[in-house]
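Dear colleague,

My notes on selected features follow.

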Amino acid sequence: MEKSKTKGIAGRREAGGDVEFVVSAYQTAEERGAILSAIVQCSDDAIISKDLSGIITSWNGAAERIFGYLSSEIIGRSIMLLIPDELADEEPAILSKIRAGERVENFDTKRKRKDGQLIDVSLTISPVISSQGNIIGISKIARDITQWKVAQSHSAMLSAIIESSYDAIISKDLNSIITSWNLAAERIFGYSSSEMIGSSILKLIPMDRQQEETLFLNRIGLGERIEHFETQRITKNGNLIDVSLTLSPVRDGNGKIIGVSKIARDITARKFEEMRRNDFIAFVSHELKTPLTTLRSYIQLALSKSRNQGDRFIIQVLGRAELQAKKMTNMIHSFLEFSRAKENKMALNLSRFSLLEFMEEIISEALILAPDHLIRYESCKEATVWADRDKIGHVLLNLLSNAAKYSDPGSQIEVKCIVGSHDIEFSVADQGIGISLADQKYLFERFYRSNEVNSQKVNGFGIGLYLVSEILKLHGSRIEIASSPGKGSLFSFFLSCDDKAGV
Ligand code: ADP
């Protein structure tokens, strides 16, 4: 046995977490054998050898881990123990190839663990050749690829979902360069993936909306997600389409934002339908407005005549007719405002007006709208309001008619205005059914009605509070609620008062 002549380096060296085996030319065969066997034991892959009849002759630590057999249990037994019945032909085929001196390419297959569980493995098989050049056995390296297979089928599933989606699913880097483009994106925008991957997303954005991209990237850079953003994009043939976009940051394994994923839904048909419905509502409301105004003036004429004549029955009947006509006028007014608000066409007609005169008008309307309730109002300090008089009147009457609708006849509705140094607080409080916190979040959305009122079958469309909030937004204000179920509701808002102009 040859001994090393100089001080040879032999054995394990650990560098930055990697284990490195160094074999020196000056080592003895014994030392080299020890190192090779350490390499085999340290490997993450199962390294197995067998003789030409398939009897296992060596079995490393990874083989114990992957297949569940200890080396003492399996050495001397047939390799067929590891092969599932349906793959029983594999081993004889490999053996005959090796015997014939043919190369066996690396291949993926299944093997059986001691507990019977099937695992995916990738095999490399090589002949073991003696010093005389004879094939004396077979070595096999088996890598457990079960996790990789799971990940692979997971990502195959994800790409199938992306490809079959009806929505365009696009990804881009932080310079707005498109990195992926699915089939729906091709269908919606008309460009193929080869035309778009590597191009800028700005190609799809109309000139007057290009700043949207900078805004999106800023928000994505902060880790924000942008949901259901309605906008327009241009297709390959130059058509403008309505889309709803949802954008999310894409992060690398360390959590760093490296791109953006975007889902674009073509909402052109929905927008068109909405526009038609909106036009229809606007048209019908407009057509109803004129005859109704005439009807109300006839009722008022008849009412004042019957008051002079003192016929109590006629006065009562005409009073009711006036109430219903008034409710209808409010409803039509709401529909018209609603269709304007939806198209962002609601504009303010600002003027200065006396708070006290305005409140008196509101209260006399409230007495007509809620004849069965107790309206409480204490006159406040005089001030000049700078607002759209009609629209703020509409806000208060909406709150008042809701207060009456959602509380028992005979209960009290309190209307207040409090003049502060810079602003005026308006409020309407009722003693009615109240609103749960869960419902309060959605009350200002179009067509939202609480489950409570739906179950109690109170009539309504769910557009009143949407309008209230849109009108107040245009005034730079907002509606606030304090309410709980069964305890009544208080709706309030602030408007700035014009202290420079005296009344
Ligand atoms: P509508 O009254 O036609 O349903 P609104 O937009 O005016 O539509 O109101 C939306 C919903 O808010 C109502 O359906 C009701 O559930 C709730 N709501 C509004 N005002 C009150 C109130 N004063 N008390 C209880 N619930 C209310």
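**Helix packing**

Helix 10 (residues 312-342) packs against helix 15 (residues 464-474) at an angle of about 55 degrees, and their axes are 10 Å apart. Axes here are lines fitted to C-alpha atoms, for helices over the stretch in contact, with angles running from 0 to 180 degrees between N-to-C directions. Helices (H or I, at least four residues) and strands (E, at least two) are DSSP runs, numbered from the N terminus. The two helices, helix 10 and helix 15, are therefore oblique to each other; angles under 35 degrees count as roughly parallel, over 145 as roughly antiparallel, 65 to 115 as roughly perpendicular and the rest as oblique. On the side of helix 10, the contact (heavy atoms within 4.5 Å) is made by Ser334, Glu337, Phe338, Ala341 and Lys342, and on the side of helix 15 by Tyr466, Leu467 and Glu470.

Please note that this is a predicted model, in which local features need pLDDT of at least 70 and side-chain atom pairs count only at pLDDT 80 or more, while totals for chains, interfaces and linings use all residues. Residues are numbered from 1 along each chain as its sequence is written, and side-chain values use heavy atoms, with hydrogens and water left out.

**Nonpolar cores**

The largest nonpolar core has 48 residues, and Leu355, Leu399, Leu400, Ile424, Phe426 and Phe493 have the most contacts inside it. Such a core is a set of buried Ala, Val, Leu, Ile, Met, Phe, Trp, Tyr and Cys residues joined through side-chain atoms within 4.5 Å. Among the elements that give two or more residues to this core are helix 10, helix 15 and strand 17 (423-429). Leaving aside neighbours within four places in sequence, Phe426 is in contact with residues including Leu355, Phe358, Met359, Leu396 and Phe493.

**Individual residues**

Ser176 has a phi near 70 degrees, a positive value in a residue other than glycine. Ser176 lies in the loop between strand 8 (168-173) and strand 9 (178-181) and is buried, with a relative accessible area of 6%. Buried means under 20% relative accessible area, exposed over 50%, and partly exposed in between (1.4 Å probe, protein chains only).

His228, in strand 10 (residues 226-234), also has a positive phi, near 45 degrees. At 55% relative accessibility, His228 counts as exposed.

Ser306 lies in helix 9 (residues 268-309) and counts as buried at 3% relative accessibility. Not counting residues up to four places away in sequence, Ser306 touches Asp311, Ile314, Ile315 and Leu318.
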